[in-house]
Every structure is written in structure tokens, then in C-alpha cells.
Amino acid sequence: MQNRRQNLQNRIDACAARMAELGAMLKGTVSKVRLGPRKRGNGQRIAYLLTYKGAGNRTKTVYVPADRVAEVGRMINNHRKARAFLDRIVELNVALFKSRR
């Protein structure tokens, strides 16, 4: 029983360590938006927007420069991975809690 608890604790520690290595994170999605022509010039403009839920479950939108879209995509992916690690840590903690009865 002690060996199982130690194994669970080691797995929790490993997940937490991997989550800490992810780096910068952003939640939300990036959308490509076509805007009308500028006051001077022809054609349409393309803008990128990061949309996420902020405090009070209110939708927030932030402009993303075109040259940083890939970086923001990596940060969003890091957030998804962190959530997966956190879910796994919770599952392992429940198993650890149950083993201490």
C-alpha cells in the first residue's frame, strides 16, 4: 500500500514538473478577421484577434500582430497542455486520497 501511494505521489510530482516547463500560456482562440479597405488604399485588411473569457465570464478580445500569430498559437497550445496536466494531477490526487483510507 505504501509503495502504491509513493508511486502515485511520484506521478503527481512528474506531471507538476512537466507542467512547470511549458512556459508562457494564453487561453482563448485566434481568429483571422477581414476588415474593409482603409481610408487610403485599396483592398481589404486582415487582422488577427485573440478572444477569451475574462473575469466575470466576460468575453475579451485582444489584437494580435500578424508577426506574433505563431507565438500566440504556441502559448494557447501550452495552456491546453497545462489543463490536461492539471486534470491528470487531480485524477492522481483523488486516487491518492482514496488509498489513504
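**Exercises on helix 2**

N78 lies in helix 2 (residues 69–99), where a helix is a DSSP run of H or I with at least four residues, numbered from the N terminus. The model is predicted, so local features need pLDDT of at least 70 and side-chain atom pairs count only at pLDDT 80 or more, while totals for chains, interfaces and linings use all residues. Residues are numbered from 1 along each chain as its sequence is written, and side-chain values use heavy atoms, without hydrogens and water.

**Exercise 1.** Determine whether N78 is buried or exposed, and list its contacts.

Step 1: Buried means under 20% relative accessible area, exposed over 50%, and partly exposed in between (1.4 Å probe, protein chains only).
Step 2: N78 has 15% relative accessibility, so N78 is buried.
Step 3: Contact means heavy atoms within 4.5 Å. Leaving out residues up to four places away in sequence, N78 touches L22, G23, A24 and M25.

**Exercise 2.** Classify L86 by its relative accessible area.

Step 1: L86 is also placed in helix 2.
Step 2: The relative accessible area of L86 is 45%, so L86 is partly exposed.

**Exercise 3.** Describe the largest nonpolar core and the elements that supply it.

Step 1: A nonpolar core is a set of buried Ala, Val, Leu, Ile, Met, Phe, Trp, Tyr and Cys residues joined through side-chain atoms within 4.5 Å.
Step 2: The largest one has nine residues: L8, I12, C15, L22, A82, F85, I89, L92 and L96.
Step 3: Helix 1 (2–20) and helix 2 each give two or more residues to this core. Helix 2 gives the largest share, five residues.
Step 4: Beyond its neighbours within four places in sequence, L8 is in contact with L92, A95, L96 and S99.
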